[in-house]
Amino acid sequence: MITLGLFVFSNTQSQKNWQNYFDHRYMSLCTSGSTFREDNLLKSTTGNLYDFMSLSITVDALMNMYVATGNEEYLNDEIKIINNVLSTAAVSKSIPENIYSLKDDYLGWISQTPNYAYHYETELYEGYIFRYITQFLYEIKKTGWKDRSAKNSEWYNTTLKFIEKNIWEKWISRSLRSKANPYGTFLSTRAHMASHWAFTGLILKEISDNTEIKTQCQDVVNMFDLLLKRNLKPHPDFPDAYTWNSTWDNVDGTQADLSLPPYVQDVSHGNHVMGYIALSKRLNNPNWTNENILGFCNTIKQVLYNKTTMSFCDNVDGSTSIFNPGQGNSQADGWLKLGLFDGQTLNLYLNFALQREDLLIKYGQELQYYAGLTLIEYLLAQ
């Protein structure tokens with residue numbers, strides 16, 4: 001664990017019980033008339049690939065609440081969601097209405113939501129949720145839950161084998177068929193899309209016993225880190241902070257693809273990149289230094305956050321989006337997690353939670369935000 005800045009908490013901040021806030025929101029009614037808990041458990045049974053994006057938020061939140069508190073009610077809901085997701089998987093070439101061109105004998109899902117990869121399989125939606133399911137396996141191994149009973153061990157091993165074969169191996173196989181290289185599908189054309197797979201690889205290489213998979217994971221991590229570092233530039237107005245494009249600037253020596261014209265990274269999708277960076281630091285990935293982490297924290301403090309309006313910019317260069325103005329206020333899936341490493345950054349996020357609950361609600365990030373703060377407080381106390 002590293003601490004890059006001094007942690008100074010106000011009395012109000014230190015008295016906030018984020019676990020209670022999480023529990024209240026998790027059990028409160030959402031727009032469907034069900035509680036958030038009931039809604040997510042039901043959504044996990046649909047087999048709709050598109051739902052994996054929103055479910056990933058809950059999978060991350062429940063995992064963090066379990067790690068921070070040891071309360072197995074969170075763990076049990078997490079396992080229910082994962083079991084439901086896996087139970088809806090079907091053999092690709094046998095899925096009714098599947099129009100994906102690379103159908104095969106692996107297990108998977110199709111999107112059942114019109115206008116969103118409708119009737120297709122896609123690595124993007126799978127990557128959203130399986131990065132966190134893979135991390136959950138890492139966390140329950142680390143806490144010792146995996147080895148507490150034969151039943152626990154069997155569940156862990158079965159889930160890990162599913163990920164190794166029907167997530168990791170499947171998309172490498174499809175990449176070889178479509179791109180003639182194993183990692184092109186993972187690395188793609190955009191930093192935030194590739195970050196899902198770098199995140200998965202970073203974790204999977206820690207828990208897999210398969211030597212080939214471990215090597216593949218490290219290859220993906222190294223290529224992603226190289227690509228992202230090439231993209232990072234000092235911000236023209238704040239040289240201690242970063243700005244970067246979401247499209248790759250230089251793909252030489254990797255299996256990523258160029259996409260023109262370049263697009264600056266939007267803050268909302270930048271969450272995925274920052275989630276990977278925060279995890280990298282927690283797992284001591286040597287490709288990312290304390291100075292790198294501070295640069296990302298400075299991006300939050302100096303570029304993104306407006307103290308006057310208590311809100312965040314839409315793009316990492318500080319500009320406003322003409323497509324989705326206000327989306328930069330989505331911070332819980334990645335940016336918030338950098339609060340673990342810098343006191344000023346954490347205090348900023350504590351103040352945001354206290355003063356702008358309206359933006360937590362508007363952008364549907366209360367559960368993940370409160371869980372993130374609960375986890376950070378737990379880790380800082382270790």
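Biologist: How does the lining of the second largest cavity split by class?
Modeller: Four nonpolar, three polar and one charged. Here Ala, Val, Leu, Ile, Met, Phe, Trp, Tyr, Cys and Pro are nonpolar, Asp, Glu, Lys and Arg charged, the others, Gly among them, polar. Bear in mind that this is a predicted model, where local features need pLDDT of at least 70 and side-chain atom pairs 80 or more, while totals for chains, interfaces and linings use all residues. Numbering starts from 1 along each chain as its sequence is written, and side-chain values use heavy atoms, without hydrogens and water.

Biologist: OK, which residues line the second largest cavity?
Modeller: Glu123, Leu124, Thr185, Phe186, Ser188, Met193, His196 and Trp197. A cavity is a set of 1 Å grid points where a 1.4 Å probe fits but cannot get out, and lining residues have an atom within 4 Å of a point.

Biologist: And which element gives the most to that lining?
Modeller: H9, with three residues. H6, helix H8 (184-187) and helix H9 (191-207) each give two or more. Helices are DSSP runs (H or I, at least four residues) numbered from the N terminus.

Biologist: How much space lies in the second largest cavity?
Modeller: About 40 Å³, against about 180 Å³ in the largest cavity.

Biologist: New topic: how many residues has the largest nonpolar core?
Modeller: The core has 118 residues, and Phe22, Phe130, Trp335 and Leu338 have the most contacts inside it. A nonpolar core joins buried Ala, Val, Leu, Ile, Met, Phe, Trp, Tyr and Cys through side-chain atoms within 4.5 Å. H4 brings the largest share of this core, eleven residues.

Biologist: What does Phe22 touch?
Modeller: Leaving out residues up to four places away in sequence, Phe22 touches Ala61, Leu62, Met65, Tyr74, Leu367, Tyr370 and Ala371. A contact means heavy atoms within 4.5 Å. Leu367, Tyr370 and Ala371 are also on the list of buried H15 residues.

Note on methods: On a 1 Å grid over the protein atoms alone, a cavity is a set of points where a 1.4 Å probe fits but cannot get out, and a pocket is an open set with protein on both sides within 12 Å along at least five of seven lines; lining residues have an atom within 4 Å of a point. Grid points are joined across faces, edges and corners, and a volume is the space filled by probe spheres set on the points. Buried means under 20% relative accessible area, exposed over 50%, partly exposed in between (1.4 Å probe, protein chains only).
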